[in-house]
There are 2 protein chains.
Amino acid sequence: MGEVYQKGKLAKKASYQLLNYTTDEKNEALLLISNQLIEEKDLIIKENKKDLQSGAENGLSTSILDRIMLDEKRIEDMASALKELVKLKDPVGEVVEEMEKENGLKIRKKTVPIGVMGMIYEARPNVTIDAASLALKTGNSIVLRGSSSAKHSNMALVNTIHRALDKSVLPRDAVQLIEDTSRETAKELFHLKEFLDVLIPRGGKGLIDTVVKEATVPVIETGAGNCHLFIDETADREMAFNISLNGKTQRPSVCNALETILIEKNWFDQYGLSLLEALHNNAVEIYGDNTVCSSFSFAKEATVEDWYTEYSALKISIKVVEDVIDAISHINTYGTKHSEAIITENKENAELFLSGVDAAAVYHNASTRFTDGFEFGYGAEIGISTQKLHARGPMGLNALTSVKYFIYGDGQVRK
Amino acid sequence: MGEVYQKGKLAKKASYQLLNYTTDEKNEALLLISNQLIEEKDLIIKENKKDLQSGAENGLSTSILDRIMLDEKRIEDMASALKELVKLKDPVGEVVEEMEKENGLKIRKKTVPIGVMGMIYEARPNVTIDAASLALKTGNSIVLRGSSSAKHSNMALVNTIHRALDKSVLPRDAVQLIEDTSRETAKELFHLKEFLDVLIPRGGKGLIDTVVKEATVPVIETGAGNCHLFIDETADREMAFNISLNGKTQRPSVCNALETILIEKNWFDQYGLSLLEALHNNAVEIYGDNTVCSSFSFAKEATVEDWYTEYSALKISIKVVEDVIDAISHINTYGTKHSEAIITENKENAELFLSGVDAAAVYHNASTRFTDGFEFGYGAEIGISTQKLHARGPMGLNALTSVKYFIYGDGQVRK
């Protein structure tokens with residue numbers, strides 16, 4: 001049996017041990033990891049340089065190299081994040097339901113760790129610390145499978161974690177890194193049902209789609225955000241401008257950024273051109289429908305592909321629509337069920353939109369950019385789920401728990 | 001595009017319409033279905049006879065024919081179950097979290113329908129009514145794909161549902177039956193991510209395994225129950241006998257029935273033989289380890305396969321173990337994470353077992369046969385989930401809901 005099977009098995013065994021530790025013991029381990037990171041930062045930076053060097057040799061883009069790069073500041077940020085995590089409430093062991101039946105059976109439904117999490121991710125080595133610490137906080141083991149481009153960094157970080165765990169009472173086997181970053185090890189993880197209870201992909205659409213398509217281990221799907229703003233007939237002009245510009249330009253690479261603006265036709269007749277100009281003046285490339293293109297010469301023609309596209313860049317698609325029903329129908333056809341917003345002074349249209357649009361988060365008169373675990377006050381974020389089962393929207397620590405029924409009797413049998 | 005795509009699309013469209021109906025309107029539709037079933041029972045029985053006849057011609061076993069069979073009593077039972085469902089609380093629209101952020105954003109997390117459910121099931125036509133009614137109660141559309149052996153019955157039942165829905169305000173398209181029961185239509189459903197939000201298989205292990213392995217639509221895994229009883233050293237003799245016999249013989253075909261008994265060695269020395277005799281006298285075939293086989297001549301030797309097997313019949317595997325740790329380890333190796341029980345007077349061992357065994361429901365001094373939505377008081381049961389995500393254990397109506405964040409602002413943008 002190869003590395004994936006062996007490490008999966010060790011992680012599974014450790015997951016049973018993890019059931020026995022208190023919140024204080026888990027938090028102590030997190031603080032030890034935080035300290036160890038600071039202590040070993042030179043070593044981590046040295047190993048990270050190897051990845052940066054081979055990345056440069058392999059012609060990786062500067063933006064990918066920047067994602068891989070670790071410096072003092074970034075390592076200190078990881079260490080601080082661990083300290084913040086310690087302060088959060090332990091979601092494990094909460095009694096969510098309690099009942100006593102007529103036959104005397106006492107039933108208690110409690111939150112428990114999921115067991116073993118698998119995490120498949122790209123470039124960013126900070127995910128290694130992030131995912132491992134969220135797992136430990138919630139009493140889960142984790143099997144990490146990063147990308148080859150961050151291999152040395154990930155190995156250094158997991159070694160740091162192991163040295164810290166050795167000082168704690170928690171088992172070091174709770175955190176496993178698959179060092180072989182070939183396609184085969186990813187495939188093995190997809191099907192490691194014997195040991196993995198959940199698989200979470202973090203990265204681009206290609207990675208997530210592959211995992212969803214191939215994995216037989218249950219997956220939590222995160223990430224893709226083709227987010228829309230609908231500007232209704234009665235939308236406040238200034239609000240519409242602010243939210244459009246902020247949604248597209250403040251941080252275009254993130255999943256809750258705007259990708260399409262739908263504009264009610266009368267509002268478009270009045271303010272459309274100046275909104276297009278404002279976007280254009282902020283370096284946003286515009287892909288428009290016929291109405292948009294015929295009224296603004298800088299707009300390029302949008303294809304069907306554009307309505308489906310999450311640009312993650314300073315590009316936007318714009319369409320003029322009949323009304324709120326037309327907007328809902330467009331969003332439910334092309335959206336990714338992430339975050340959608342309406343600007344309107346008409347409360348009825350707002351409610352129609354919020355209930356009719358199928359998405360994790362729906363906004364009335366606010367920017368889609370707020371869909372985020374920290375903004376929502378969860379203190380941590382595992383990712384933003386775009387599926388409807390288990391967890392939807394920003395996932396806090398409780399997304400990493402399951403439940404279990406504890407039943408106490410005195411000899412009851414079924415009649 | 002074929003039947004599956006077309007009906008999936010209609011179900012999706014209907015799922016958006018379903019968002020607009022009140023609890024009363026949904027309940028009214030359920031009552032209309034209940035009445036329509038009674039009204040049309042002769043027609044349904046006539047169609048059911050066609051399935052029974054072709055089943056007999058195709059050599060189906062009497063037990064499968066019994067599962068397919070519908071008579072007045074069974075139809076009346078379905079009609080009554082619908083009336084009971086009406087009485088249950090509507091799980092949709094519940095505010096599960098509410099907060100106001102410093103920037104004035106109001107965030108409300110509410111339960112919503114999942115959208116479109118797919119259900120793939122075998123033989124029993126009562127699943128048609130059961131699944132459709134649970135879907136409608138929770139505001140979901142459903143695409144049903146039954147087996148060819150119950151084809152006429154399923155078509156008759158869905159026609160009855162449609163005639164009832166036509167009298168209600170709900171859209172008839174909310175309930176779709178795939179009439180082509182070839183393998184191809186099942187495969188199409190596995191991948192119909194465009195329209196299906198969840199896929200639930202109901203049937204034997206073969207069906208469930210195939211769905212889990214092949215489907216890219218998120219699956220709720222239900223059913224397989226390789227349940228264990230561990231009789232600890234201090235177990236009360238009478239309690240151990242009662243729970244063993246009840247767990248195995250009261251209804252051997254169900255998923256919460258006992259399949260393996262693990263017995264602590266000292267207890268076995270004292271009472272083992274008489275327990276084996278009691279089982280044998282109740283027509284239970286025994287597959288035992290060496291200790292069991294050498295002390296009881298009717299026992300056959302258990303293979304590794306036996307420890308993995310859910311017999312669903314009057315057969316049981318029995319093993320003598322060292323202690324509670326040994327028992328936990330056996331269960332976590334061979335179990336299906338369904339229901340597991342310990343009998344002991346030792347509270348420490350009980351807690352060790354309950355927390356260490358990885359299963360949806362864990363019992364101290366009670367029969368595993370209680371794992372059931374009705375026994376737990378949920379009033380309805382979609383199935384018993386053996387996975388850890390979304391829902392675990394007996395699933396009531398709220399397992400058919402998702403959540404959605406409704407966010408209200410007055411122009412907030414991200415800083």
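**A strand residue to start with**

Mentor: Let's begin with B:Asn365, which is found in strand E13 (residues 361-366) of chain B. Keep in mind that this is a predicted model.

Trainee: Okay, is B:Asn365 buried or exposed?

Mentor: Buried means under 20% relative accessible area. B:Asn365 has a relative accessible area of 6%, so the residue counts as buried.

Trainee: And what is phi of B:Asn365?

Mentor: Most residues other than glycine have a negative phi. B:Asn365 isn't a glycine, yet its phi is positive, near 55°.

Trainee: Which loop holds A:Lys337, a residue with a positive phi although it is not a glycine?

Mentor: Phi of A:Lys337 is about 65°. Look in chain A for the loop between helix H14 (324-334) and strand E12 (339-343).

Trainee: Let's zoom out to chain A. How far apart are the C-alpha centres of domain 1 and domain 2 of chain A?

Mentor: The domain assignment makes domain 1 out of 3-222 + 390-408, and domain 2 out of 227-370. Between the C-alpha centres of these two domains of chain A there are 36 Å.

Trainee: Now helix H5 of chain A: what does it reach from its first C-alpha to its last?

Mentor: H5 runs over residues 72-87, which makes 16 residues. At 1.5 Å a residue, 22 Å would be expected, and the helix comes close to that with 23 Å.

Trainee: Why are the buried residues of H5(A) on the same side?

Mentor: The buried ones are A:Ile75, A:Met78, A:Ala79, A:Leu82, A:Leu85 and A:Val86. They sit on the same side of H5(A) because around the axis they cover an arc of only 115°.

Trainee: Which helices are included in what covers those buried residues of H5(A)?

Mentor: Stay in chain A for this one. The cover includes helix H2 (23-39), helix H3 (41-57), helix H6 (126-137) and helix H7 (151-167).

Trainee: How many aromatic pairs turn up over all chains, and how are the rings of B:Phe230 and B:Phe353 arranged?

Mentor: The search of the whole structure finds 18 aromatic pairs. For B:Phe230 and B:Phe353, the ring centres are 6.3 Å apart and the planes are at 20°. Planes under 30 degrees apart count as stacked, so this pair is stacked.

Trainee: How many residues apart in sequence are the parts that this pair ties together?

Mentor: B:Phe230 lies in strand E7 (residues 227-231) of chain B, while B:Phe353 lies in helix H15 (residues 347-356) of chain B. B:Phe230 is buried at 0%, and B:Phe353 is buried at 0% as well. The parts they tie together are 123 residues apart.

Trainee: Which ring does the charged end of A:Lys110 sit over?

Mentor: A charge sits over a ring if, among other things, it is within 6 Å of the ring centre. The charged end of A:Lys110 is 4.8 Å from the centre of its ring, and that ring belongs to A:Phe406.

Trainee: Last one: what separates the C-alpha atoms of B:Ile178 and B:Lys415?

Mentor: B:Ile178 is found in the loop between strand E5 (175-177) and helix H8 (183-190) of chain B, and counts as buried at 1% relative accessibility. Its contacts beyond four places in sequence include B:Glu3, B:Val143 and B:Thr185. B:Lys415 is 237 residues away along the chain, and the C-alpha separation is 51 Å.

Definitions and conventions
Residues numbered from 1 in each chain as written. Chains lettered and ligands numbered in written order. Predicted model: local features only at pLDDT ≥ 70, side-chain atom pairs only at ≥ 80, totals over all residues. Heavy atoms only, no water. Domains from an automatic or database assignment. Helix = DSSP H or I, 4+ residues; strand = E, 2+ residues; numbered from the N terminus. Expected span 1.5 Å × (residues − 1). Buried < 20%, exposed > 50% of the residue type's maximum accessible area, 1.4 Å probe, protein only. Arc of directions from axis to C-beta. Contact = heavy atoms within 4.5 Å. Phe/Tyr/Trp six-rings, centres within 6.5 Å; stacked < 30°, edge-to-face > 60°. Lys NZ or Arg CZ within 6 Å of the ring centre and 35° of its normal.
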